[in-house]
Amino acid sequence: MKNTILIIVLLFSIYPSFSQVNDSISTVSGHSIQVAPIGIRYNYEQAFGQKFSLNYTASLEYSVFPVFVFDLWHANICFDFEYSLNPVLQIEPRYYFNLNKRAAKGKNTYLNSGGFLALSCTFFLLPLSYNTDKPLSGFFITPYWGVKRVWYKHFLFEFGAGLNFFKFFSWKQVGIFPYLNYKLGYQF
């Protein structure tokens, strides 16, 4: 009987060393309202597992496009701006790659404050206002790297850089240009 009790006590004392301690930080879900340089947006971030989330965004965005036209026959150069005010829908999977590292260093990880990789799929619906020949609506696919920080439990800052691949339905061409964006917001 003494040997059985001794074995049970030994097993219970050794068990914690064999069990996995889950000290990793997981992504969390949350709502936010953001102001970007070109619009206002409502965002819901849904957590999937420890490092992944899916962002759903509805926004109203103002786009300005510089237009350069060089008329070879008349040697004229024309420069103008075209604008468009569009409702926009966006879905964006994110992979947060450094939440555990930030937590281990004692840095802020509140509401997914960390670095991430994302693939943004953005749909520009028919514009509410525009000054172009044809209304600009289409879609963007944007792989990018970003950082997110939440301070004082509610104030949000995001920055991202990557490449935009876009197709406007009224254009025959497909385009590519650099993506650079920042957002300020309120997380609740």
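Predicted model: local features only at pLDDT ≥ 70, side-chain atom pairs only at ≥ 80, totals over all residues.
1. The cut-off for buried is under 20%.

2. Searching the whole structure turns up 17 aromatic pairs. One of them joins Y83 to Y62: the ring centres are 5.7 Å apart and the planes make an angle of 25°, so this is a stacked pair. Stacked applies because the planes are under 30 degrees apart.

3. Where do Y62 and Y83 sit along the chain? Y62 belongs to strand β3 (residues 52–71) and Y83 to strand β4 (residues 76–96), so their contact ties together parts 21 residues apart in sequence. Y62 comes out at 38% relative accessibility and therefore counts as partly exposed.

4. F155 and Y186 make an edge-to-face pair, with 5.9 Å from centre to centre and 75° between the planes. This pair links distant parts of the chain, as F155 is in strand β8 (residues 155–168) and Y186 is in strand β9 (residues 174–187), 31 residues apart. On accessibility, F155 is partly exposed at 46% relative accessible area, and Y186 is partly exposed at 38%.

5. There is a phenylalanine cluster to look at too: ring pairs connect F124, F140, F166, F168 and F177.

6. Finally, a couple of charges over rings. R94 places its charged end over the ring of F116, 3.9 Å from the ring centre. K153 has its charged end over the ring of Y110, 5.5 Å from the centre.

Notes. Residues numbered from 1 in each chain as written. Heavy atoms only, no water. Phe/Tyr/Trp six-rings, centres within 6.5 Å; stacked < 30°, edge-to-face > 60°. Helix = DSSP H or I, 4+ residues; strand = E, 2+ residues; numbered from the N terminus. Buried < 20%, exposed > 50% of the residue type's maximum accessible area, 1.4 Å probe, protein only. Lys NZ or Arg CZ within 6 Å of the ring centre and 35° of its normal.
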